[in-house]
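Work through the exercises below with the sequence and the model in view. Try each task before reading its solution.

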Amino acid sequence: MKIEDLEVGTVYDCSVDEDMDYPFQGKVEKVYEHSALMEIVKNDPKDDSNKTELNNKIVVSINKIKKAK
């Protein structure tokens, strides 16, 4: 996916190498040069404590964002 294809308010499938152990769905809040600030909207229950610790927000690299299924 290209950074210019991201739309604020749209939900995407995401994964990260740190902070969250499982893939999740995030809604774009802000787009940066090579990443996006995502609101975590759906996640594996095992990651609930991580989500809370992150205040439901995380920055995700464009390489780790895919269209939601």
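**Exercise 1. A lysine without a partner**

Which side chain of opposite charge is nearest to Lys51, and how many Å away is it?

Solution. 
Before the steps, a note on the source: this is a predicted model, in which local features need pLDDT of at least 70, side-chain atom pairs count only at pLDDT 80 or more, and totals for chains, interfaces and linings use all residues. Residues are numbered from 1 along each chain as its sequence is written, and side-chain values use heavy atoms, with hydrogens and water left out.

- Step 1. Find Lys51 in helix H1, residues 48-53. Helices (H or I, at least four residues) and strands (E, at least two) are DSSP runs, numbered from the N terminus.
- Step 2. Check the charges: Lys and Arg count as positive, Asp and Glu as negative, while His and the chain ends are not counted.
- Step 3. The nearest side chain of opposite charge is Asp48, 5.5 Å away. Lys51 has no salt bridge. That term requires a side-chain nitrogen of Lys or Arg within 4 Å of a carboxyl oxygen of Asp or Glu.
- Step 4. Buried means under 20% relative accessible area, exposed over 50%, and partly exposed in between (1.4 Å probe, protein chains only).

**Exercise 2. The surroundings of Lys51**

List the residues in contact with Lys51, leaving aside its neighbours within four places in sequence.

Solution. 
- Step 1. Contact means heavy atoms within 4.5 Å.
- Step 2. The list is Met20, Ile40, Asn43 and Asn56.
- Step 3. Look again at Asn43: its side chain and that of Lys51 are joined by a polar contact of 3.4 Å. A polar contact is a pair of N or O atoms within 3.5 Å; within protein, one must be able to donate a hydrogen and the other to accept it, and residues adjacent in sequence count only if both atoms are side-chain atoms.

**Exercise 3. Leu37 and its strand partners**

Which residues stand opposite Leu37 in the paired strands?

Solution. 
- Step 1. Two strands pair if DSSP finds at least two bridges between them.
- Step 2. S2 (residues 24-31) and S3 (residues 35-43) run antiparallel, joined by 7 bridges. A hairpin of 3 residues connects S2 to S3.
- Step 3. In this pairing, Lys30 is opposite Leu37.
- Step 4. S3 also pairs with S4 (residues 57-61), in the antiparallel sense, over 5 bridges. There the bridge partner of Leu37 is Val59.

**Exercise 4. The salt bridges**

How many salt bridges does a search of the whole structure find? Describe each one.

Solution. 
- Step 1. The search finds 3.
- Step 2. Asp17 and Lys64 meet at 3.1 Å, N to O. Asp17 lies in the loop between S1 (11-14) and S2, and Lys64 in the loop between S4 and S5 (65-67), so the pair ties together parts 47 residues apart in sequence. Asp17 is exposed at 67%; Lys64 is partly exposed at 29%.
- Step 3. Glu39 and Lys27 form another, with the closest N and O atoms 3.8 Å apart. Glu39 is in S3 and Lys27 in S2, 12 residues apart. Glu39 is partly exposed at 25%, and Lys27 is partly exposed at 30%.
- Step 4. Glu29 and Lys57 meet at 2.8 Å, N to O. Glu29 lies in S2 and Lys57 in S4, so this pair ties together parts 28 residues apart in sequence. Glu29 is partly exposed at 30%, as is Lys57 at 36%.
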